[in-house]
Amino acid sequence: MDENGMSQVLQFFALPLILFTGILLPMSLAPQWMRTVAQVNPLHHAVEAGRAPANRS
């Protein structure tokens, strides 16, 4: 597999993973099905834990 093929494979998996973490779109604005999928993504919980101190105003 060349570099272009590997790049496409990584983007195929990385984009949904990043989308379902809540980094790009706050999950409060996401549709319900997307919030449900995000709950099984461990990175979503890490992002929420990182945002928690900023939300304690």
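Colleague: Is H44 buried or exposed?

Modeller: This is a predicted model, in which local features need pLDDT of at least 70, side-chain atom pairs count only at pLDDT 80 or more, and totals for chains, interfaces and linings use all residues. Residues are numbered from 1 along each chain as its sequence is written, and side-chain values use heavy atoms, with hydrogens and water left out. Buried means under 20% relative accessible area, exposed over 50%, and partly exposed in between (1.4 Å probe, protein chains only). The relative accessible area of H44 is 4%, so H44 is buried.

Colleague: Which residues does H44 touch, not counting residues up to four places away in sequence?

Modeller: H44 is placed in helix 3, residues 42–55; helices (H or I, at least four residues) and strands (E, at least two) are DSSP runs, numbered from the N terminus. Contact means heavy atoms within 4.5 Å. With residues up to four places away in sequence left out, H44 touches F20, T21, M27, A38 and Q39.

Colleague: How many aromatic pairs does the structure hold?

Modeller: Rings of Phe, Tyr and Trp (its six-membered ring) pair if their centres lie within 6.5 Å; planes under 30 degrees apart count as stacked, over 60 as edge-to-face and the rest as tilted. The number of aromatic pairs in the structure is two.

Colleague: What is the angle between the planes of F12 and F13?

Modeller: F12 is exposed at 60% relative accessibility, and F13 is exposed at 57%. Their pair is edge-to-face, with 5.1 Å centre to centre and a plane angle of 85°.
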